[in-house]
Amino acid sequence: MSGLTSEPSESVDPGSSAPAGAAPPAVIVLAAGGGTRMKSAKSKLLHEVAGHPLLSYALAAATQIQPQEIVVVVGHQRDQVQAHLAEIAPHVRTAVQEEQLGTGHAVQCGLAALSDLDRLPNEIVVTYGDVPMLTGETLLDLVEDHRSQRAGVTVLTAVVADPTGYGRVVRDADGGVTGIVEHRDADDEVRSITEINSGIYVFDSAVLVAGLDGLTADNDQGELYLTDVLTHARSAGRTVAGHLIDDAWQTEGINDRVQLSAMSAEMNRRILVGWMRAGVTVQDPATTWVHASVDLAPDVTLLPGTSLEGATSVGAGATIGPEVSLKDVEVGEGATVVRTHGELSVIGPGAEVGPYARLRPGTRLGVKGKIGTFVETKNARIGDRSKVPHQSYVGDAEIGVGVNVGAGVIFANYDGVTKSTTVVGDYSFVGSNAVLAAPLTVGAGAFVAAGSTITGDVDPGDLGVARGQQRNIRGWVLRKRAGTKIATAAQDALDAAAEDRSAQSGPDDR
């Protein structure tokens, strides 16, 4: 959708109520389409934009108008869709459209799901499951406009630069909607209209029921068109109104991966604009991706190549990036994370992570702690001011305050059957290239000698050493590698050392 630069409306608080003076409507969400152009084994409605399935956005918008009921009409790949609904919105009704016989037929199926109500709501809102930009505020405004005009039908419309393929909204001299003409049925004059039908409506329920009863499939698609209900409404003397919005992205659906990508980019652009206006520095928006559910504090800096996903939160003054991917990670104030992948972890205030670190689930790094270069952690609690700076694996560990873990240390947590925990006490020192074979405890203030393989506890204040005593075999290279460059280098060094000893001894010592 080139040429669209308008910003989104501010979202409505979830507690907002429907316009005063009238009972809330019911909402029917059409979600039965095949989505064949996605070419996916997964339902189109479960593909994600900004970290959330398309259908979740439709339900969020519908919920904001506090409807009496929400009905989701399912069809293609409905087992997937119904399972998702049971997880995120168990209160929502579902209706099955066994055959996709058009939008009018889909709404008929939706109304049938409301048949056990004592009385049908006065208004029915019809929307789609694949319009993630649509906001609850827009639906509230649509319903209020519908009521203020006492309309039989109100359609949500937008003006687009290229309306090819859309149904055109035809208005009379007074601005009333006289009809919607599909692109394939339009003449040149109608095709020159740039106001398009979103397919999102508010219906007077009596008008909708009567209009649906009169639908026929007498068209080139052999389907029941919901747009024909507008013709019925006008013939019955009811007003058909159009509610025009400036933000045409809210009317955009998704049919293929190209549109999914474009929608994701636009949603991400808006998310970043919102955060920048709230005091976050985004150095390169083109390479920075932030999910809708992420929370950022003022004075956070996001450097190029950053991806923040899920329920990630970042405290004030922290710097993330470049090249960082975090999912469901809590980052404290003033922390620095560089070239790191992390998930389900906590990074404390003032801590340093990376470069090239991997934080697996259960990692908790304390205040001003450090997880450094090529370090992998899993289910590890690393205390305040403790450091694991270089090339280590820390799995199933409890590390106290002020601990230093040397380069190449392995917390060997798995014996092939059981995963066990290693505890390292406050202000301990673990020398480079040590292996701590769990379960064991290194007491507070203890030392582990470099290169040791520790299999038992080290008491507080002790030095744990577990390595063979060094032994040098004199002349081994000259005997076993004779004639090689190595042997030549060794002999040259020995000769040079002998000459040095001779020169230092002096003539009187000979």
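View 1. Thr306 belongs to strand β16, which spans residues 306–309 (strands are DSSP runs of E with at least two residues, and helices are runs of H or I with at least four, both numbered from the N terminus). The model is predicted, so local features need pLDDT of at least 70 and side-chain atom pairs count only at pLDDT 80 or more, whereas totals for chains, interfaces and linings use all residues. Residues are numbered from 1 along each chain as its sequence is written, and side-chain values use heavy atoms, with hydrogens and water left out. Thr306 has a relative accessible area of 1% and is therefore buried (buried means under 20% relative accessible area, exposed over 50%, and partly exposed in between, with a 1.4 Å probe and protein chains only). A polar atom of the Thr306 side chain lies 2.8 Å from the backbone oxygen of Leu303, and the side chain of Thr306 also reaches the backbone oxygen of Ile320 at 3.3 Å.

**View 2. Helix α1.** Because 8 of the 10 residues of helix α1 (residues 54–63) are buried, this helix is largely enclosed by the rest of the structure. Among the buried residues are Leu54, Leu55, Tyr57 and Leu59.

**View 3. Two cis peptide bonds.** The bond from Gly321 to Pro322 is cis, with omega near 0 degrees, and Pro322 sits in the loop between β18 (319–320) and β19 (324–331). Gly354 and Pro355 are likewise joined by a cis peptide bond, with omega about 5 degrees.

**View 4. Positive phi at Lys368.** Lys368, a residue other than glycine, has a positive phi near 55 degrees, and with 57% relative accessibility it counts as exposed.

Notes:
Polar contact = N/O pair within 3.5 Å; in protein donor to acceptor, adjacent residues only side chain to side chain.
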